[in-house]
Amino acid sequence: MKYPKTQYAKTILEQDRVSSPFLIKYAAVATGKTGKPYMNIILTDKTGDVEARVFDNVPKFHSQAVKDTFVQVEGNAQGFNSRIQIHIKDMTVLREDEVVLDEYLSPTILSAEKLYAELTAIVLSMKDPFYKALMESIFIDDAEIAKRFKKAPAAKAMHHAYPVGLLEHVVSICKILDFLSHNYSPYADRDLLLVGGMMHDLGKIWELQYEKTTDYTNEGRMIGHLVMGSELIEKKIQWLESQPGRLPSAFPEEKKLLAKHMVLAHHGKYEYGSPKEPVCLEAQIVHMIDDLDSKVNAIRTFVEQDAQVGMWTLLNKNFGRYFYKPEWARK
Ligand SMILES: [Fe+2]
Ligand SMILES: [Fe+2]
């Protein structure tokens, strides 16, 4: 049985009786002026956060009210320093399958989780045991990579320059590559194409810092995401070879070179920062689809954000063109 969400953090008013599930974002015990312990809690859902306090039965609720737990809250809302504060009278811990997850996560987090699930499904659909093990070690076993990948923009400006933009770009490319692998079968190797799609920009999760504003890191300025991606492949292959049973045999040298080449050649030309130009069909395809997906996004977001009234945008300096604004984009 699911506990229905009946009240939302941002719409609770002073004097409201509160009876609804929430996600705990923060919980800590503090001591009041009289020496009596109380709990400071921040409850959250898809609309935002709301403060809460527990004044009675603190020892009982202390063990239940833990960060990232879902709880059914019973209490009432009071005004405090011009903010709303829920005084919790009772609280029951709920299991994750007892709530509708979409009600608690912000749209950005939700889209990151959905996209990451799509990405891991693509990894699991791979056939080649070496490429598959390599992608699993990176996208499924490495929690730090997953955490960064779920937040990173794809660029400082130009295309997909917003949170989760990198993941959106990569999943979009992988779907196109999956289609092309069938279209150009048997000449284009689906697994190698997907290695290229998933890995080509992965170095960007360290190339850019994006906690508050986006900028290049020292590693980004001095090494760059192509070489960083290639180094990661080397490191993960070494790690896989040290783990008994993860690979059918030593990682074949040719496959290692091809995987690295997919990353090192994806900018296509020396003048675009590629240390190598594509020398296999798959690398050429990944380069062209990367270019396609970034341009589609760049034009779409430019047209969408353009403030001009009427059917033409301002001059786009990167493309050197004025773009036509379809009906949906007109002010
Ligand atoms: Fe790139
Ligand atoms: Fe890219």
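1. Start with the helix pair: Ala-133, Leu-134, Ser-137 and Ile-138 of α3 touch Ile-233, Lys-236, Ile-237, Trp-239 and Leu-240 of α9 (contact here is C-beta atoms, placed from the backbone, within 7 Å; helices are DSSP runs of H or I with at least four residues, strands are E runs with at least two, numbered from the N terminus). The residues of this contact split into seven nonpolar, one polar and one charged (Ala, Val, Leu, Ile, Met, Phe, Trp, Tyr, Cys and Pro count as nonpolar, Asp, Glu, Lys and Arg as charged, the others, Gly among them, as polar).

2. Before going on: this is a predicted model, where local features need pLDDT of at least 70 and side-chain atom pairs pLDDT 80 or more, while totals for chains, interfaces and linings use all residues. Residues are numbered from 1 along each chain as its sequence is written, and chains are lettered from A and ligands numbered from 1 in the order written.

3. On geometry, the axes of α3 (residues 129-139) and α9 (residues 225-242) come within 10 Å and cross at roughly 105° (axes are lines fitted to C-alpha atoms, for helices over the stretch in contact, with angles from 0 to 180 degrees between N-to-C directions). The two helices are therefore roughly perpendicular (65 to 115 degrees; under 35 is roughly parallel, over 145 roughly antiparallel, the rest oblique).

4. The domain assignment gives domain 1 (9-103) and domain 2 (107-305), with bounds from an automatic or database assignment. Their centres, taken over C-alpha atoms, are 41 Å apart.

5. Now β1 (residues 17-31): it runs antiparallel to β4 (residues 70-80), joined by seven bridges (pairing takes at least two DSSP bridges). Val-18 has Gly-75 of β4 as its bridge partner.

Definitions and conventions: Two residues are in contact if their C-beta atoms, placed from the backbone, lie within 7 Å.
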